[in-house]
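Here are my notes on the model you sent. They are in numbered points, to be read beside the sequence and the structure.

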Amino acid sequence: MVSVRIRGIYSTALTKIFLDRGFEIIQPSEIIRERFGFADEGIKEEVEPNLYVHDRMDRQGIMVAGDGIYYEEIIKVLRSILDDAIFRRSLQASLGMMHPQIQVRESSLMQVIRVSNMIGEHIDIEFPGLSKRRLDEIRNTVTPTVSGHHYYKACGGRISMMVDIAERMLREGCEKEEVESLLRENVSRILPRTGWRISMEHVKIAGQTFNLGLAKIVRFSMEDGRMILLRRIFSKGVYDGLNVHKNKGDYA
């Protein structure tokens with residue numbers, strides 16, 4: 001049996017997933033104990049788990065560390081449920097040098113497992129939009145959950161606190177439609193608006209991040225989830241996928 005310790009904004013959904021697949025939850029937080037009915041006498045506080053799961057720094061997914069021989073198990077479970085989740089491995093050598101992240105593929109899983117104990121390796125799992133919505137659904141089977149829970153919680157700060165308040169209202173019996181409408185209204189007040197300039201980042205599947213500079217918001221609608229941006233080009237080159245020359249001063 002694989003044992004796992006989980007912390008972070010995805011804890012409830014992941015605990016549900018792993019329990020359903022026969023994993024053992026080690027050192028659950030107090031709120032997880034309450035939600036899943038763990039008896040205090042059954043909690044193994046002194047036992048070290050096989051795997052540690054916690055939020056990424058940007059809260060857009062999770063990091064998994066621990067005994068590498070169990071990585072294949074957790075990857076297979078999450079792949080079977082989250083269609084668009086992105087799996088990467090990161091290898092940290094003994095001198096502390098971090099190797100570039102690369103996507104974990106089926107053919108490389110055993111290689112990941114073999115090298116993990118030698119050079120300190122962890123799995124980086126990113127949850128794009130579809131994965132977050134699926135995790136919302138799973139969390140909702142355990143405790144009342146607003147639509148967009150994990151999207152909002154990943155924002156942190158005031159938006160995260162608004163979600164906590166909204167879900168407290170759900171637990172107290174308030175109508176879900178009214179609560180979610182009120183939440184969207186309050187969140188919209190602090191999100192970027194038309195005319196604002198925002199910074200853009202392009203993240204490759206392999207994990208590399210490129211700063212694309214500033215862009216102006218031409219249109220943004222929470223209702224359909226679409227944002228139209230206008231960005232000025234400052235260098236020459238070729239537009240990827242279009243095979244069209246890119247010139248300084250272009251707008252995209």
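1. Arginine 56 is buried, because its relative accessible area is 12%, under the 20% cut-off. The model is a predicted one, and in it arginine 56 forms a salt bridge with aspartate 58, with 2.6 Å between the closest N and O atoms. Aspartate 58 has a relative accessible area of 36% and is partly exposed. This pair belongs to a network of salt bridges that links Arg56, Asp58, Arg88, Asp124 and Glu126. The structure holds 11 salt bridges.

2. Arginine 59 deserves a look at its backbone. Its phi is near 60°, a positive value in a residue other than glycine. Arginine 59 sits in the loop between strand 3 (51-55) and strand 4 (61-66) and is partly exposed at 27% relative accessible area.

3. Glutamine 27 is another residue other than glycine with a positive phi, near 50°. Its place is the loop between strand 2 (24-25) and helix 2 (30-36). Is glutamine 27 buried or exposed? With 13% relative accessibility, glutamine 27 counts as buried.

4. Two further salt bridges can be checked on the display. Aspartate 164 pairs with lysine 153, the closest N and O atoms being 2.8 Å apart. Since aspartate 164 lies in helix 7 and lysine 153 in helix 6 (residues 149-155), the pair ties together parts that are 11 residues apart in sequence. Lysine 153 is buried, at 11% relative accessible area, whereas aspartate 164 is partly exposed, at 34%. Glutamate 185 forms a salt bridge with arginine 189, and here the closest N and O atoms are 2.9 Å apart. Glutamate 185 is partly exposed at 39%, and arginine 189 is partly exposed at 48%.

5. Helix 5 (residues 129-140) has 12 residues and spans 17 Å from its first C-alpha to its last, close to the 16 Å expected at 1.5 Å a residue. Its buried residues include Ser131, Lys132, Leu135, Asp136, Ile138 and Arg139. These residues cover an arc of only 165° around the axis, and so they lie on the same side of helix 5. The spacing rule behind this is that an α-helix has 3.6 residues a turn, so residues three or four places apart point the same way.

6. Which residues make the nonpolar surface patch of about 370 Å²? The patch is made by Val218, Ile228, Leu230 and Tyr251. Valine 218 is found in strand 9 (residues 209-221) and is partly exposed, with a relative accessible area of 44%.

7. Valine 2, in the segment before strand 1 (3-6), is buried at 8% relative accessibility. Valine 2 and proline 49 are 47 residues apart in sequence, and their C-alpha atoms are 8.1 Å apart in space. Glutamate 172 lies in the loop between helix 7 (157-171) and helix 8 (176-188) and is exposed, at 61% relative accessible area. Between glutamate 172 and proline 144 there are 9.9 Å, C-alpha to C-alpha, for a pair 28 residues apart in sequence.

8. On cysteines, a search of the whole structure finds zero disulfides. Cysteine 155 counts as partly exposed at 38% relative accessibility, and cysteine 174 counts as partly exposed at 35%.

Key. Residues numbered from 1 in each chain as written. Predicted model: local features only at pLDDT ≥ 70, side-chain atom pairs only at ≥ 80, totals over all residues. Heavy atoms only, no water. Disulfide = S-S within 2.5 Å. Buried < 20%, exposed > 50% of the residue type's maximum accessible area, 1.4 Å probe, protein only. Patch = residues over 30% accessible without salt bridge, like charges linked within 9 Å, V, L, I, M, F, W, Y side chains within 5 Å. Areas by Shrake-Rupley, 256 points an atom, 1.4 Å probe, with all protein chains shown as cover. Salt bridge = Lys/Arg side-chain N within 4 Å of Asp/Glu carboxyl O. Helix = DSSP H or I, 4+ residues; strand = E, 2+ residues; numbered from the N terminus. Expected span 1.5 Å × (residues − 1). Arc of directions from axis to C-beta.
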